[in-house]
Amino acid sequence: MSGFSILAMAPTHVLVPLDGSPLAGQALRHALETYGCEITVLNVLTPIGSTMSEGGLRDRTEQRVAEAENRAETSVAEAREEVGAHDQRVETVIEIGDPAEVIVSSVEEFDVDHVVMGGHGGDTNGLVSRLLGTVATTVVTEAPVTVTVVR
């Protein structure tokens, strides 16, 4: 019986979606430690009123909008801090939209060839975790590149 091997090419540009969850932070650390290439860190703000957003289930207020924007900025700032210990080119981006759709479309937009993401997102109250539990599954099935899910 003859064997064969598949040689995987190392990625040249990795996309790491962040949502503020511990698993997303682990995904960023994994990408920084594993791939010596350009990394784009993406934080997706879900539009208030969307069924995927907390605002879709709770009343929209300017305070909630500001809190969501502050969480995104904090997440990106923490990513920049994490990156400081590594000698890699890292770009940070904040986009608005459905998380899975934005992540998948960002693959082409930023010309990435690998996605590294947490298995599920969310905050401590569990609401966002339940709503975003399908994002990783959608990205794995729809992204045209390899996706590594960190758990």
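## Report on a predicted protein model

Of the 151 residues in the protein, 45% are buried. The model described here is predicted. Its accessible surface comes to about 8,800 Å², and carbon and sulfur atoms account for 50% of that area.

The protein contains five helices and five strands. Along the sequence these elements follow the order β-α-β-α-β-α-β-α-α-β. Contacts between residues at least 6 apart in sequence join, in 76% of cases, residues at least 24 apart.

Strand β2 covers residues 38-45, and eight of its eight residues are buried, so the strand is largely enclosed by the rest of the structure. The burial applies to both faces: Glu-38, Thr-40, Leu-42 and Val-44 point one way from β2, Ile-39, Val-41, Asn-43 and Leu-45 point the other way, and all are buried.

Strand β2 pairs with β1 and with β3. The two pairings are set out below.

| Strand pair | Partner of β2 | Bridges | Direction |
|---|---|---|---|
| β1 and β2 | β1, residues 13-18 | six bridges | parallel |
| β2 and β3 | β3, residues 90-96 | seven bridges | parallel |

Single residues illustrate both pairings. Pro-17 stands opposite Leu-42 in β2, while Thr-40 stands opposite Glu-91 in β3.

**The nonpolar cores**

The largest nonpolar core has 19 residues, of which Leu-15, Leu-42, Ile-103, Val-115, Met-117 and Val-139 touch the most other members. At least two residues of this core are supplied by each of β2, α3 (99-109), β4 (114-118) and α5 (135-142). Helix α3 provides the largest share, with five residues. A second, separate core consists of 16 residues, including Val-14, Ala-27, Tyr-35 and Val-150.

Leu-42 points the same way from β2 as Glu-38, Thr-40 and Val-44, and Leu-42 is one of the core residues that touch the most other members. When neighbours within four places in sequence are left aside, Leu-42 is in contact with Leu-15, Val-16, Pro-17, Leu-18, Val-93, Glu-95, Val-102, Ile-103 and Ser-106. Two of these contacts, Leu-15 and Ile-103, are also named among the core residues that touch the most other members.

Conventions
Residues numbered from 1 in each chain as written. Predicted model: local features only at pLDDT ≥ 70, side-chain atom pairs only at ≥ 80, totals over all residues. Heavy atoms only, no water. Helix = DSSP H or I, 4+ residues; strand = E, 2+ residues; numbered from the N terminus. Buried < 20%, exposed > 50% of the residue type's maximum accessible area, 1.4 Å probe, protein only. Contact = heavy atoms within 4.5 Å. Areas by Shrake-Rupley, 256 points an atom, 1.4 Å probe, with all protein chains shown as cover. Pairing = 2+ DSSP bridges. Core = buried A, V, L, I, M, F, W, Y, C linked by side-chain atoms within 4.5 Å.
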